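Please open the structure in a viewer and keep the sequence at hand.

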Amino acid sequence: MLAVQQQPATTPEQPSASLPDIPSNAPQHCPGTESELAGKSDACNGCANQEICASSTKPKGPDPALPFIRERMADVKHKILVLSGKGGVGKMSRTSLPHHHIGTSTRADPRATTTAPRCCRSHQTGVLDLDICGPSIPTILGLANEQVHSSSSGWSPVYAQPNLAAISVGFLLPSAKDAVMWRGPKKNGLIAQFLKDVDWGYLDYMLVDTPPGTSDEHLSVVQYLKESGIDGAVLVTTPQEVALQDVRREIDFCRKVGIPILGLVENMSGFVCPGCKTESKIFKPTTGGAKRLAEETNVELLGSVPLDPRIGKSADYGVSFLDDYPDSPATTAYLDIIDRK
């Protein structure tokens, strides 16, 4: 079992301390002393701390992690969230693929004789994987067998390239088969630890990959980065209405918590046959797709990326789709989106 500590563990693969807001003698499903359910949930019955936690007069103060997070984030120039609302729309690919080849500053653009896009010219980039229950970033970046190491300055992120680092709960699990079965307080504690204890160093960009929805992970990262500032969010969808419904909720979430929306990306917008070059609509935009949604919500449509089965293959093997298949229409679409921002 992985636990979160106030200071980096000597061996992060097997830490043993409890969360900062959960007493050591608390029951297994303790909601945490700072939770609104503290002392009131079924898990609190019989706990020695129940009366204290339930008291409305117990002192409340700022999260002690905030000063440490603020100090770490001072060296991060831009912080961008990648959101979807719906699972399976290609959000993780959107986070990783354009930045997988970030160190290849002399890579040729397949559409011309120019070099790689602006964001790929040796910018220092960190990928923060907040999908705690389904961490896939290690596999997509080709880092599945790597582990996090600690030093006097904190946890060291894992590097896919000299200027591309990542941190994920996947690096801390003994096995890729191990399930992470955590309630909100433990998730929040790990997110705080990733932000305050990871020695990112200077970063031009921090890309925060989030799970589907608008729940604990999203609220926590917004709270923890409020003082440091979030530059904005990129929303990812697919053309069908069942995906667009959740993206509408994600747009509402961003506006309620004050996160600027940088734009909308539509994945799987069509399939171009590699043989006859005929385009087919696998997921039909029955309600107008991302284009209509962008118009209705006054959000910029950054671009549409067609289906290419080789994207999934590249993700499985942890290699760069953009480098391996420069002639794919999907590569052209990705690079167009990158150049817009």
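The tour visits a group of strands, then a loop, then a pair of helices.

This is a predicted model, in which local features need pLDDT of at least 70, side-chain atom pairs count only at pLDDT 80 or more, and totals for chains, interfaces and linings use all residues. Residues are numbered from 1 along each chain as its sequence is written, and side-chain values use heavy atoms, with hydrogens and water left out.

**Stop 1: strand β2**

Select residues 125-129, which form strand β2. Helices (H or I, at least four residues) and strands (E, at least two) are DSSP runs, numbered from the N terminus. Five of the five residues of β2 are buried, where buried means under 20% relative accessible area, exposed over 50% and partly exposed in between (1.4 Å probe, protein chains only). Thr125, Val127 and Asp129 point one way, while Gly126 and Leu128 point the other way. In a regular strand the side chains alternate between the two faces of the sheet.

**Stop 2**

Two strands pair if DSSP finds at least two bridges between them. Within this pairing, Leu128 stands opposite Val208.

Gly126 has Ala165 as its bridge partner in β6, and Val127 stands opposite Ala166.

**Stop 3**

Now select strand β5, residues 158-161, which runs antiparallel to β6 and is joined to it by three bridges. Val158 has Ala166 as its bridge partner. The two strands β5 and β6 form a hairpin with two residues between them.

**Stop 3: Thr238**

Move to the loop between β8 (232-237) and α7 (241-257) and select Thr238. Thr238 counts as buried because its relative accessibility is 2%. Its side chain makes a polar contact of 2.9 Å with the side chain of Gln240. A polar contact is a pair of N or O atoms within 3.5 Å; within protein, one must be able to donate a hydrogen and the other to accept it, and residues adjacent in sequence count only if both atoms are side-chain atoms.

**Stop 4: α7 and α8**

Finally, show α7 with helix α8, residues 289-297; their axes come within 11 Å and cross at roughly 30°. Axes are lines fitted to C-alpha atoms, for helices over the stretch in contact, and angles run from 0 to 180 degrees between N-to-C directions. Contact (heavy atoms within 4.5 Å) involves residues including Leu244, Val247 and Ile251 of α7 and Ala290 and Leu293 of α8.
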